[in-house]
Amino acid sequence: DVLLSLSLVSVFLIVSLTFVLGRLNLPILLSAMTLLSVICFVESRFLLAMARHDPFDGKSIDWSALLWLSWLEIGLFAILGIMFVLIRKRTEILSAVSLFILVFLTAGFVHTIYANYDSLRPDPGDNPRLSPYFDQFHKLSTNRNVIHIVPDQAQGAMLHEILNSDLEHYSSVFDGFTFFTQAVGRYKSTYPSVPYYMTGEAPEPDADFVESLPFTWDYVRETLEERSIVARLAEGNFNTFGFQFHRGLFCKGPYTACTGTHDEVFAGIAANNPNRKLALTVLTAIDLGLFQMTPVIVRQRIYDDGRWLVRRLLTGEKSHSGVLDIFTGTMQAGANPDTYNYFHHAGAHAPLLFDRNCQYIGPQRVDFANEGEQSRCTLIQLEKMINALKKIGVYDQTMIVVNGDHGTPWLPSSFSDPVSYTH
């Protein structure tokens with residue numbers, strides 16, 4: 001609601017500013033405003049697509065490969081600048097062009113918010129969809145439990161190198177675990193990967209993009225509800241709990257209770273803090289808007305190696321995938337039904353906010369080293385969870401499954417086979 005209101009206010013301010021500039025007869029200022037609006041329009045509608053990059057998956061962007069686009073932008077905008085200086089006295093034309101483009105861009109922003117309203121809006125603290133989950137998910141059975149953790153963008157090669165760096169310690173922590181070094185994913189993004197590892201189904205053709213067939217909304221819903229691990233365990237009278245990075249889609253399975261949002265998984269925000277979630281949503285929207293409407297040289301500084309220029313202004317106490325910490329700190333065992341707990345975990349995915357000791361250090365550059373540091377934090381969380389299971393006496397009654405959804409674009413120096421380890 002706040003974002004929608006801000007967008008409508010923006011439209012009003014744009015119209016008012018254009019009208020005032022036209023009435024004050026300030027041709028240079030009006031010409032500059034029109035040039036700015038045209039640059040935003042050309043960048044968002046044409047030049048952004050020519051860059052052919054997708055920064056929203058946390059991957060690194062090779063800005064040096066976009067040098068040609070920077071020169072193209074400089075030449076194009078220089079020509080536009082000269083043209084608007086020459087026609088600066090045609091204020092009625094400039095006003096009309098500027099008004100049309102800026103309102104058009106703002107309307108697109110409003111439409112995006114409306115289309116994604118359910119995923120953008122924060123949940124109030126007393127949301128009934130949250131309460132059943134947090135009231136039950138920590139109540140384990142003394143008979144059988146399954147804990148399924150999916151660290152996002154976790155890479156087998158990276159984990160292999162981390163474990164070998166302190167083999168004695170990790171061998172003790174994960175005694176009894178089997179590490180499948182050659183196990184690889186199939187898809188490059190989370191959307192098709194979830195139904196793949198939850199069902200074992202891998203339909204052709206390979207779907208690398210969210211909207212690609214056959215991974216339609218109906219297909220994902222059907223597989224999770226009817227043919228997934230969750231469905232089988234629910235048939236076996238397990239209580240099933242899910243913490244998802246996309247509640248609207250991936251909570252479609254037969255869960256006893258399911259919740260979660262993208263922000264809670266990847267930004268370490270407290271799950272019941274609507275004010276923080278709203279602040280992050282607003283700052284993220286500003287970052288993405290600036291990214292889409294600015295030239296490459298400015299876009300690079302907005303992205304800032306995955307740290308994001310505006311979003312990093314949000315400071316304060318955070319915990320890495322905090323729901324797992326809540327689970328560890330509150331778990332209890334009793335004569336409860338058998339349980340299945342699924343956690344989509346931030347893992348090695350951007351934003352990279354934590355060091356190896358799970359201390360919040362603010363947004364870090366997205367690269368192999370920092371992904372490794374945050375992955376070590378994930379291992380610390382797993383160690384604490386294992387110790388908690390032992391403390392309440394259900395470790396031997398619990399199966400723990402850890403698998404990544406997709407890999408990272410980087411490989412450790414000790415590995416040279418990208419086919420085996422990239423995903």
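What pattern do the disulfides of the protein follow, with bonded cysteines counted along the chain? Keep that in mind while we look around this model, which is a predicted one.

A disulfide is a covalent bond between the sulfur atoms of two cysteines. Searching the whole structure turns up two disulfides.

Cys 251 and Cys 258 make up one of them, with their sulfur atoms 1.9 Å apart. Look along the S-S bond and you'll find an angle of -75 degrees, a left-handed link. Both Cys 251 and Cys 258 are buried.

Now find Cys 358 and Cys 377, whose sulfur atoms sit 2.1 Å apart in a disulfide. Here the angle about the S-S bond is 110 degrees, and the link is right-handed. This pair ties together distant parts of the chain: Cys 358 lies in the loop between β6 and α17, while Cys 377 belongs to helix α17, 19 residues apart. Cys 358 and Cys 377 are both buried too. So, back to our question: the pattern is 1-2, 3-4, and buried Cys 40 has a relative accessible area of 14%.

While you're at helix α17 (residues 368–391), check out its packing against helix α7 (residues 156–165): the angle is about 65 degrees and the axes are 10 Å apart. That's why α7 and α17 count as roughly perpendicular to each other. Their crossing is right-handed. From α7, residues including Met 158, Leu 159 and Ile 162 take part, and they meet a set in α17 that includes Phe 368, Ser 375 and Leu 379. Sort the residues of this contact and you get six nonpolar, three polar and three charged.

How values were computed
Residues numbered from 1 in each chain as written. Predicted model: local features only at pLDDT ≥ 70, side-chain atom pairs only at ≥ 80, totals over all residues. Heavy atoms only, no water. Axes fitted to C-alpha atoms, helices over the stretch in contact; angles between N-to-C directions. Helix = DSSP H or I, 4+ residues; strand = E, 2+ residues; numbered from the N terminus. Parallel < 35°, antiparallel > 145°, perpendicular 65-115°, else oblique. Left-handed = near helix turned anticlockwise from the far one by under 90°. Contact = heavy atoms within 4.5 Å. Nonpolar A, V, L, I, M, F, W, Y, C, P; charged D, E, K, R; others polar. Disulfide = S-S within 2.5 Å. Buried < 20%, exposed > 50% of the residue type's maximum accessible area, 1.4 Å probe, protein only.
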